[in-house]
Amino acid sequence: MPAARPAASSPRRSTVAATSARKAASPAAPSGPLGLQDYLRKVLTSKVYDVAVETPLEPARELSRRLGHHVYLKREDKQPVFSFKLRGAYNKMAQLPAKALAKGVICASAGNHAQGVALGARRLGCQATIVMPVTTPQVKIDAVRHFGGDNVQIVLHGESYSDAALHAKQLEKKKGMTFVHPFDDPDVIAGQGTVAMEILRQHAGPIDAVFVAIGGGGLIAGVAAYIKAVRPEIKVIGVQTSDSDAMVRSVKAGERVTLPDVGLFSDGTAVKLVGEETMRLASLYVDDYIVVNTDSVCAAIKDIYQDTRSIVEPAGALGVAAVKQYAARHGSQGKTYIAINCGANMNFDRLRFVAERAEVGEEREALLAVTIPEERGSFKRFCETIGPRSVTEFNYRISDEKQAHVFVGLTTREKGESKKIAKAFEGEGFATVDLTHDELAKTHIRHMVGGRSSLAEGERLYSFVFPERPGALMGFLTSLPPGWNISLFHYRNQGADYGRILVGLQVPKAEVSRIDALLRRLGYPYVDETRNPVYRLFLR
Ligand SMILES: Cc1ncc(COP(=O)(O)O)c(C=O)c1O
């Protein structure tokens, strides 16, 4: 690639209409399934406030401004265990007869439910056995110990949640303990329903819709039952991720569907089989479903951070991701939407991925593969086509004498802009592939552009540091002497104050003795990496 002269989502969006929604909302016979009034009573008499707090319902001002709606966040991430799960777990445990409590409770969970049961056991003074898969991260085991203290016994068993659950069921029988289900139990459902009770008390004005993340369905079952009993005009919208949508599929099929696999990014909602009772209630009382993808969840985590300065876990951001999708689909303005921020138990090392994907999820970054002819002036035209946009990523390795394939990331301002940029490149005669929604490109290929090249003869490798400001990268690229050939280039905006780039240069023989003098003139600190052993191992 000749140096320039100085002048120079598809995410599946499925909606399942809740056709069966109001077909059987009548109160149940005493021995039959519980009806709306039964759940209303159970929610109103729930015992959750021994351990749970009434969380605030806060306006999301910035998001509301951007969407043109009134968006509120129900801050369940502010519970003592950083999720709503302790409501249901504690309500179930607190209703147990003293004799059952004395024998202890048992559950299987590697997540928020385990922490709820642990805290509940400590508060009630009973013993809790918590079965976790052996693969559970230490941080979660520590959290359960922290909340449960001497009242919990942790049993590590099996590779997956299903193995752990099976073992817990065996222990339950053997030792006569009470199993505390994470979602499929009327007392657990009623405990989770107290979230809706608080919302309706906290917001007496009109509410158009409440958005609820679904895993096994305990939260939405409780919320939907309460809302339909008290203010049936409010829409209840269930939210799932496209790689873990068991409830959506089950409601559509009219029976519980077991997913062969589930995506684990939103680990709080990664459930292969929803509950029987939760599905029954969802079929009756949930109005609609929104399915969101990973990138949009990352963008929602960022939205929530911008409004609250708090980081929620992926499952905790499903509600906001769905509000945005729902608002875009329905078009109107000035509606009141409530998203339940249901949890904040985020693994810190996951933040790197979230930050990387949030830009694409927000459609603030376009990723493109652009093919540029290896001829004078073409790189200058490439830079001009980019225009004032910031470059977020630039990867290139010489591989062809006639053309250069460049992997480039650019900031965008509006939805669909990546397509327009791709068109502009095509207009300049550069073959372009829009990779903005290409999973393979985002996960792997961006890190693999490069490798050894037979065309990299005489290549010298330099790393540069320059202050990150708009136009700095293009300024650098265009200030290299025009006779020099760029044979390798790697840059990724990491959000730091200084940008780091790695450049391979092929310099005409006559100028080799002046390389240092010319590079110094560019004004950026640099290091000659040509003898770096890693470079020699992988790139030469
Ligand atoms: C943070 C978070 N959100 C949502 C859910 C889903 O709840 P449910 O299984 O009741 O649908 C869970 C379940 O553990 C969770 O931890």
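At what angle do helix α1 and helix α9 pack? Keep that in mind while we look at the whole protein.

This is a predicted model. The protein has 20 helices and 18 strands. Its C-alpha atoms fill a box of roughly 95 × 50 × 35 Å along the principal axes. Of the 540 residues, 55% are buried. The protein exposes about 23,500 Å², and carbon and sulfur atoms supply 53% of that area.

Back to the helices. Helix α1 covers residues 36-44, and helix α9 covers residues 218-230. They pack at an angle of about 110°, with their axes 9 Å apart. Angles of 65 to 115 degrees count as roughly perpendicular, so α1 and α9 are roughly perpendicular to each other. Who meets whom? On the α1 side we have Leu 36, Tyr 39, Leu 40, Val 43 and Leu 44. On the α9 side they meet Ala 225, Tyr 226, Lys 228, Ala 229 and Val 230.

Next, helix α3, residues 85-94. How many of its residues are buried? Ten of ten. Among them are Lys 85, Arg 87 and Lys 92, along with Leu 86 and Met 93. The cover includes helices α4, α5 and α8. Strands β3 and β6 are part of that cover too.

Last, the surface. Leu 440, Ile 445, Met 448 and Val 449 form a nonpolar patch there. Together they have about 360 Å² of accessible area. Look for Met 448 in the loop between α17 and β15. Is Met 448 buried or exposed? Its relative accessible area is 57%. Exposed means over 50%, so Met 448 is exposed.

Terms used:
Residues are numbered from 1 along each chain as its sequence is written. This is a predicted model: local features need pLDDT of at least 70, side-chain atom pairs count only at pLDDT 80 or more; totals for chains, interfaces and linings use all residues. Side-chain values use heavy atoms; hydrogens and water are left out. Patches are made of residues with over 30% relative accessible area and no salt bridge: like charges are joined within 9 Å, nonpolar side chains (Val, Leu, Ile, Met, Phe, Trp, Tyr) within 5 Å. Accessible areas come from the Shrake-Rupley method with a 1.4 Å probe; for residues, only the protein chains shown count as cover. A salt bridge is a side-chain nitrogen of Lys or Arg within 4 Å of a carboxyl oxygen of Asp or Glu. Helices (H or I, at least four residues) and strands (E, at least two) are DSSP runs, numbered from the N terminus. Buried means under 20% relative accessible area, exposed over 50%, partly exposed in between (1.4 Å probe, protein chains only). Axes are lines fitted to C-alpha atoms, for helices over the stretch in contact, and angles run from 0 to 180 degrees between N-to-C directions. Angles under 35 degrees count as roughly parallel, over 145 as roughly antiparallel, 65 to 115 as roughly perpendicular and the rest as oblique. Contact means heavy atoms within 4.5 Å.
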